[in-house]
Amino acid sequence: MEFVDKPEEADVILVGIPMDQGTEKRGCANAPATVRSYFDNFFFSETCGVRRVLDRGDIVEENTFECSTDKIYSKMCDLFNLKRPVITIGGNHSITFPIVKALSRFYNKIGVIHIDAHPDAQIDYYPNGDIIPNILSIPEVKKVISIGLRNWSKYESSFLEEHKVPYITMNSLIEAGIDYCVEKIKMALHGCDCIYISFDIDSIDPAFAPGTGWIEPGGLTSRQAIELVQKLAKLENVKGFDLVEINVKKDSKDMTSILGAKLIYEFSNALVIR
Ligand SMILES: [Mn+2]
């Protein structure tokens, strides 16, 4: 990662959304600053790529959840208008909806890769547990695929079936491997002119990423997560990525934030700029 000052010099735009409103468990607001402070830990990317990054700073939190969501939407529209992939450090998972909504102003066939321990397809868990139904309500979103699922309700399981949301559970990911997973994603999102990736840190095992609101055993190792993002960065038409739900207050020795910084570092430097 090489930081630049002007949009025309940049391959990638970085932004922080320190949003933790709307949920009972707070602590995601400090993640953008903490994650950023660890980029310097890495000397060179594992895949030897170097991307020029314009850091647009944090989007300021407003008084209410609704105001923040509106602000995220309009600010993200401005950023996507720069015609470069935008990488966002959250914040809780509610930020994904206004980000994808902003993308729908620019693209007609959006495919979303949702990496998470949970399907996030509840109907009554406002505003954080119902991200997938919200995203699917955007007409330009043609497909969502969920990766790494390992805890769901009966309701969510039938929601996925009913809405034909393809998914890869942790079980099948371990059985078939990351390459299979990436192939299945490619097939599911074939024909999309925009790919958006939302990465919930709880997809990673709490042994590697304890700093999150919801401890869900049996997730990805840090190595599998790194491999996954390095390979997703090579997909065509990747227009955005968010890393959400890092809770700095629950972390241990900043290990989750350091892993978060590593994931963003590896993802951005592996991005193919076309
Ligand atoms: Mn989530």
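**Close-up views of the sheet and its helices**

**View 1. Strands β8 and β9 side by side.** Strand β9 (residues 238-244) pairs with β8 in the parallel sense, over six bridges. Two strands count as paired here if DSSP finds at least two bridges between them. Look for Ile195, which stands opposite Val238 in β9. Strands (E, at least two residues) and helices (H or I, at least four) are DSSP runs, numbered from the N terminus. As you browse, keep in mind that this is a predicted model: local features need pLDDT of at least 70, side-chain atom pairs count only at pLDDT 80 or more, and totals for chains, interfaces and linings use all residues. Residue numbers start from 1 along each chain as its sequence is written.

**View 2. The whole sheet.** Nine strands form an open sheet with parallel pairing, in the order β1-β3-β2-β4-β9-β8-β5-β6-β7. At the edges stand β1 (2-4) and β7 (167-169), each with a single partner strand, so one side of each is left without a neighbour in the sheet. From one strand to the next, the twist averages 20 degrees. Helix α7 (residues 178-188) packs on the sheet and touches β5, β6 and β7; contact means that C-beta atoms, placed from the backbone, lie within 7 Å. The direction of α7 makes about 165 degrees with that of β6. Angles run from 0 to 180 degrees between N-to-C directions, and axes are lines fitted to C-alpha atoms, for helices over the stretch in contact.

**View 3. Strand β5 and its two partners.** Strand β5 (residues 110-115) is mostly covered, with six of its six residues buried (20 or more other C-beta atoms within 10 Å of the residue's own, C-beta atoms being placed from the backbone; 12 or fewer would be exposed, and in between partly exposed). Ile110, Val112 and His114 point one way from β5, while Gly111, Ile113 and Ile115 point the other way. Parallel pairing over six bridges links β5 to strand β6 (residues 141-149), and also to strand β8 (residues 194-200). Val112 is a handy landmark: Val144 stands opposite Val112 in β6, and Tyr196 is the bridge partner of Val112 in β8.

**View 4. Helices α2 and α3 packed together.** The axes of helix α2 (residues 65-80) and helix α3 (residues 96-103) are 8 Å apart, at an angle of about 40 degrees. That makes α2 oblique to α3 (under 35 degrees is roughly parallel, over 145 roughly antiparallel, 65 to 115 roughly perpendicular, and the rest oblique). Among the residues that meet are Ile72, Met76 and Phe80 in α2 and Pro98, Ile99 and Leu103 in α3.

Definitions and conventions:
Contact = placed C-beta atoms within 7 Å.
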